[in-house]
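The following exercises concern one protein chain. Please examine the sequence and the structure before reading each solution.

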Amino acid sequence: MRQGEFLNERHFALPRSAHRVVLTRSILEVFLTYRQQGSEPEAGGLLFAEFDFPLIRIVEASHPHATDQRWRTLFIPNRILQRRLIKKLFKHGRHFVGEWHTHPEANPTPSGLDLNSMVDAFLKSQHELNYFIMIIVGNGAKCPELWVSAHDGLNFHRLHELQGAGRLFDST
Ligand SMILES: [Zn+2]
C-alpha cells in the first residue's frame, strides 16, 4: 500500500469568508513526494482548484519541471511553461488559485522573498478569487506541516486548519 493512501484531505478556513480551502489527497501525495527530507533541492508548482462554493477544492498541484531552477533554499519555476499549463487546465474547469513549494524545515514559514513574490503573482495574474493561495510544505516525518496563506496585493493571512474536517466531509 502506498503511503498516500493513508492521507485524509485537509480543510483550512479563510478569515472573514465562508470559503474553505480543501487540500485533496492527490495534492497531498504530490507534497509528500517532494518533501525535502534528505539533500533534495526545493520543489514547487502551481495549484489548481475546482469551485464548489463555499469549498475551494484544490485538486491538482503541478510537479516541478526539468527546466525549473532548483536549489536547497530557492526555487525558480519556468514561468513560460506555467502560463501554458494555466491556459490548458482552465479549459478543463481547473482554476489557477496559487502556488506551492517546499522548505527544508519542519515548521515552514515564508521568507521575505516568498511574500514579495506572492504580491507580484497576485498583481500579475488573472484570478477569479480575490486572493491567492500559497502553500509551503515542511519536511517533517509524518503528515507534513503545511503553511497555508491567502494573499492579496497588500496583506496576507495564515489559514487555520479545521481538525478532522476531512473525515467529516467524507461521510456526507
Ligand atoms: Zn520559500
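**Exercise 1.** Leaving aside its neighbours within four places in sequence, with which residues is Ile133 in contact?

*Solution.* The model is predicted: local features need pLDDT of at least 70, side-chain atom pairs count only at pLDDT 80 or more, and totals for chains, interfaces and linings use all residues. Residues are numbered from 1 along each chain as its sequence is written. Two residues are in contact if their C-beta atoms, placed from the backbone, lie within 7 Å. Under the stated exclusion, the partners of Ile133 are Val21, Leu47, Val97, Gly98, Val148 and Ala150.

**Exercise 2.** Identify the residues with the most contacts inside the largest nonpolar core.

*Solution.* Such a core is a set of buried Ala, Val, Leu, Ile, Met, Phe, Trp, Tyr and Cys residues joined through C-beta atoms within 7 Å; buried means that 20 or more other C-beta atoms lie within 10 Å of a residue's own. The largest core has 34 residues, and Val21, Leu47, Ile58, Val97, Ile133 and Ile135 have the most contacts inside it. Strand S8 contributes the most, six residues.

**Exercise 3.** In what order do the strands of the open sheet lie?

*Solution.* Strands are DSSP runs (E, at least two residues), numbered from the N terminus, and two of them pair if DSSP finds at least two bridges between them. The nine strands follow the order S10-S9-S8-S7-S3-S4-S2-S1-S11, with mixed pairing. At the edges, S10 (156-158) and S11 (160-162) each pair on one side only. Within the sheet, S1 (residues 10-13) and S2 (residues 20-23) are antiparallel over four bridges, and His11 stands opposite Val22 in S2.

Notes
Buried ≥ 20, exposed ≤ 12 C-beta atoms within 10 Å, placed from the backbone.
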